[in-house]
Amino acid sequence: MICWLDGSLIDGAQKALALDDRGFLLGDGLYETIRIAQGRVQQAGRHLARLAHGASVIGLPMPTADIAAAMAAVIAANALQAGSLRLTLTRGSGPRGLLPPQAPSPTLLIAAFPAAPPAAPARVIMATRTRRNEHSPLAGIKSLNCLDGIIARLEARDLNADDALLPNTAGRIAEATAANVFALIGGEWLTPPVTEGALPGITRARILEAGGREAPLTLHDLMPADEIALTSSLGIRPVRELAGKNLPAPGPETAKLIAALFA
């Protein structure tokens, strides 16, 4: 794959990142995963706005490059019609220690990936080995540190499940390991508020705009749900089992969401 790194297209096989890059050493950075359909970036404005917001939260200057043009160049170089782009923005190189340089030079890497087959409906557990800290500013941004999600996904794998829901510090549901969670309860699509530790997902926002609603949710609240779905920028994954309860997957309302947002 051909990638874009700080102004130039490069062969993805090249080892091009500096060894003192703070994203590599400290997870000091952000990322976005963006869907490509019919050779075009989907929801580019929302993704770049979220990236800029995350940068402001951690005091990371946005690169001066035209990111939209860079993404178009990567799509063209790879003749990518369907798949995704991964934007990785780090604070760039810096001295040893936590304190960043006063005038950082950010690193921006854009990599392309072909479309994967749709994931099968998921078996989901409630994570017990880690929690989402809804009080942390990192809860609302896509930081390079995904260790909570990794720990929870490993727990799911150990229990022969596909994903896990992360509780927050109050024991309520925040999100899945790499997706937002929606539950169809009483005819409404409900999802945890951002204040509960949920990432402000792109697909999540579109479902809320179409009539979904935020509501604090516990595992007890989810058990009578008619349908449950995990949503991300790349698609909607139906849940077929939650904590031992079987669910239709995809249920009719989940199928409508998929058709409306990802057809």
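Predicted model: local features only at pLDDT ≥ 70, side-chain atom pairs only at ≥ 80, totals over all residues.
Residues are numbered from 1 along each chain as its sequence is written, and side-chain values use heavy atoms, leaving out hydrogens and water.

Student: How many helices and strands does the protein chain have?
Tutor: Elements are DSSP runs, numbered from the N terminus: helices are H or I with at least four residues, strands E with at least two. The count is seven helices and 15 strands.

Student: What radius of gyration does the protein chain have, and why does it agree with a compact globule?
Tutor: The radius is taken over C-alpha atoms, and the globule rule is 2.2 Å times the number of residues to the power 0.38. For 263 residues the rule gives a value near 18 Å, so the chain agrees with its 19 Å.

Student: What share of the 263 residues counts as buried?
Tutor: Relative accessible area decides: buried is under 20%, exposed over 50%, partly exposed in between, with a 1.4 Å probe and protein chains only. By that cut-off, the buried share is 46%.

Student: Why are H2 and H5 classed as they are by angle?
Tutor: Helix H2 (residues 44-58) and helix H5 (residues 202-209) pack at about 120°, with axes 10 Å apart. Axes are lines fitted to C-alpha atoms, for helices over the stretch in contact, and angles run from 0 to 180 degrees between N-to-C directions. Under 35 degrees is roughly parallel, over 145 roughly antiparallel, 65 to 115 roughly perpendicular, and the rest oblique. H2 and H5 are therefore oblique.

Student: Where does Pro250 lie, and which residue does a cis peptide bond join to Pro250?
Tutor: Most peptide bonds are trans. Pro250 sits in the loop between strand E15 (245-246) and helix H7 (252-262). Omega is about -5° for the cis bond, and the partner is Ala249.

Student: Is Gln38 buried or exposed?
Tutor: Gln38 is in the loop between strand E3 (29-37) and strand E4 (40-41). Its phi is near 55°, positive in a residue other than glycine. Relative accessibility is 71%, so Gln38 counts as exposed.
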